[in-house]
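Let's take a friendly walk through a protein model, stopping at a few places along the chain. Have the sequence and the 3D view open as you read.

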Amino acid sequence: MELTGAQILLECLKEEGVSHIFGFPGGAVIDIYHYLPKYPFKHILVRHEQGAVHAADGYARSTGKVGVCLVTSGPGATNTVTGIATAYMDSVPLVVFTGQVPTALIGNDAFQEVDIVGITRPCTKHNFLVKDVKELAYVVKKAFHIARTGRPGPVLVDLPKDVMQAKAKFSYPEKISLRSYNPHYEPNKKQIKRAASLISKATRPLIYAGGGVISSSAHEILKILAQKFHIPVTTTLMGLGAFPGDHDLWLGMLGMHGTYAANMSVNNSDVLISVGARFDDRVTGKISSFAPRSKIIHIDIDPTSIRKNVQVDVPIVADCKLALESLFNELVDKDENWEEKHAVWLEMVKEWKIKYPLRYEQGGKAIKPQFVVEKLYELTKGNAIITTEVGQNQMWAAQFYYYKHPRTFISSGGLGTMGYGFPAAIGAQMANPDKMVIDIAGDGSIQMNIQELATAVSYNLPVKIVILNNGYLGMVRQWQELFYNKNYCATCLHQNPDFVALAKAYGAEGYRIKENKEVEPVLEKALASKKTVVVDVWVEPEENVYPMVPAGASLTEMLLV
């Protein structure tokens with residue numbers, strides 16, 4: 001029996017085990033939407049295509065599954081680009097289906113035509129233009145395979161309308177083999193032995209973990225390895241949750257807004273074990289002074305990430321989990337008293353943690369944003385999924401909420417996309433209906449995709465949006481204060497809406513907090529609600545994020561409170 005291209009596409013998604021599709025219809029994909037109600041998918045109608053991609057992204061990050069979104073051609077497709085680039089920078093598995101004009105019209109400047117394959121080539125792991133309905137099933141199979149394997153990432157599939165209307169027999173391939181794409185999972189045994197040799201000789205080892213640890217589900221073996229060999233752990237922003245935030249060996253996040261203990265440990269370590277991280281500039285600071293005393297071991301599944309920014313001594317191209325398991329097995333046979341060997345180092349690290357903890361000046365009537373985040377941690381007992389927007393709110397969420405489990409901190413790291421957190425929270429809530437999901441937002445970022453309040457309310461999602469409202473584009477204002485003589489050009493948000501009234505206009509609940517004494521009771525009330533809630537917290541307008549490493553400085557040149 002022959003099926004249309006639209007039916008074949010939906011059959012493919014069923015074969016892939018897709019449960020949720022985040023989308024927005026249009027003429028080029030109307031045939032797909034015609035058949036969609038006959039299939040067992042939960043389609044989430046967003047209010048903007050950027051919201052669809054971010055929601056699919058949040059779904060993917062919180063589950064480890066491939067996120068799926070479906071949009072129309074032209075502006076529908078171009079509206080996905082920021083979300084695709086966000087996922088690409090943070091290695092998130094997505095498959096984005098875009099409508100396209102009929103194949104005969106491609107290149108003719110037809111209505112709502114755009115070369116989305118060309119536009120997204122730099123920010124997708126791969127993309128496809130399907131020209132023959134007979135190729136459709138194989139292309140979809142390839143798209144999901146590429147998105148989820150190796151270093152995960154977004155894949156785009158462009159679907160001309162005539163291909164969706166054409167007919168062919170449906171057969172879904174069981175396996176896929178791509179000659180030019182074969183990710184390497186198993187670690188090289190000689191490199192593992194070299195790494196183990198370096199670690200066994202070290203007296204000041206440090207584990208630096210990134211988002212790859214979470215992607216490969218390597219968090220358990222990371223914890224076992226760190227505990228067994230008494231090695232302290234720091235992570236990147238994307239790695240938060242890869243190691244328990246309440247563990248004695250946890251140093252906090254490193255980098256530009258990292259902790260004193262983490263940054264000083266990098267500077268003083270003699271072996272740095274990097275796992276699933278890419279030595280981003282926000283982590284390394286001044287490259288020439290990064291980990292100057294360390295031999296560096298770098299484990300990553302993406303060979304192009306190794307030695308891209310920092311020279312390393314032992315490169316290991318492999319899956320993080322498999323590499324750490326092999327490293328553990330190699331080290332566990334060595335007759336070493338690891339606790340005694342690292343005792344001086346651990347005492348040094350402990351002193352840094354005690355002497356220079358994350359802190360803020362509490363006093364006066366103004367609400368400190370750090371206090372709000374601490375209260376959220378206390379009230380949720382650290383068991384919520386936290387999404388963030390970008391800027392100061394993001395850094396305070398990273399610093400003052402302690403992530404005990406992977407996939408509980410969801411944020412735009414590499415691209416730094418304002419407007420990401422709220423739709424990502426929608427995706428995470430759809431994927432985790434029984435969990436508390438909170439978007440910690442700024443008054444600038446939240447307005448970039450605030451129309452998705454309609455989505456959250458229409459699907460009865462109990463997402464909580466906590467706005468740290470300081471009346472500024474806070475992080476840019478902080479830079480202007482510290483490095484540009486307080487020239488607050490274009491960072492004052494004088495015309496913010498009444499967020500409480502806006503929430504109610506969309507059918508959500510809205511609360512405002514203006515005094516310290518209101519923080520705990522109002523947050524308790526908001527968290528207990530079964531509805532979408534917006535909490536507008538008026539915080540100290542010119543509070544800064546500290547520590548801070550100025551651009552171009554080394555990690556030891558931190559500005560403290």
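We begin with a pair of helices: α11 passes α14 in a left-handed crossing. Keep in mind that this is a predicted model. Helix α11 covers residues 219–229 and helix α14 covers residues 320–332, and their axes come within 9 Å and cross at roughly 25 degrees. Angles under 35 degrees count as roughly parallel, so α11 and α14 are roughly parallel to each other.

Which residues make the contact between α11 and α14? From α11 come I221, L222, I224, L225, K228 and F229. From α14 come K321, L324, E325, L327, F328, L331 and V332. Sorted by class, this contact has ten nonpolar and three charged residues, with no polar ones.

**Cysteines**

How many disulfides does the model have? The count comes to zero. A disulfide is a covalent bond between the sulfur atoms of two cysteines. To be counted here, the two sulfur atoms must lie within 2.5 Å. For C69, the closest cysteine sulfur belongs to C123 and is 12 Å away, which is too far for a bond.

**Buried or exposed?**

The next stop is about how much of a residue can be reached from outside. A residue counts as buried under 20% relative accessible area, as exposed over 50%, and as partly exposed in between. Here are some residues to look up in the 3D view.

| Residue | Relative accessible area | Class |
|---|---|---|
| C69 | 1% | buried |
| C320 | 4% | buried |
| S305 | 5% | buried |
| T4 | 7% | buried |
| L346 | 22% | partly exposed |
| N485 | 76% | exposed |

Several of these residues deserve a further look. S305 sits in the loop that links β13 (295–300) and β14 (314–317). Setting aside residues up to four places away in sequence, S305 touches R151, R278, H298 and D300.

T4 belongs to strand β1, which spans residues 2–4. What does T4 contact, leaving aside its neighbours within four places in sequence? T4 is in contact with Y35, M164, Q165, A166 and K167.

L346 is part of helix α16, residues 343–355. Again leaving aside neighbours within four places in sequence, L346 is in contact with H230, P232 and L249.

**Backbone details**

Let's finish with the backbone. Phi is positive in R407, a residue other than glycine, with a value near 65 degrees. You can find R407 in the loop between α18 (392–400) and β16 (409–410).

N485 also has a positive phi, near 55 degrees, and is a residue other than glycine. Its place is in the loop between α21 (474–483) and α22 (499–506). As the table shows, N485 counts as exposed at 76% relative accessibility.

P547 itself lies in the segment after β20 (533–538).

Methods: Residues numbered from 1 in each chain as written. Predicted model: local features only at pLDDT ≥ 70, side-chain atom pairs only at ≥ 80, totals over all residues. Heavy atoms only, no water. Buried < 20%, exposed > 50% of the residue type's maximum accessible area, 1.4 Å probe, protein only. Axes fitted to C-alpha atoms, helices over the stretch in contact; angles between N-to-C directions. Helix = DSSP H or I, 4+ residues; strand = E, 2+ residues; numbered from the N terminus. Parallel < 35°, antiparallel > 145°, perpendicular 65-115°, else oblique. Left-handed = near helix turned anticlockwise from the far one by under 90°. Contact = heavy atoms within 4.5 Å. Nonpolar A, V, L, I, M, F, W, Y, C, P; charged D, E, K, R; others polar.
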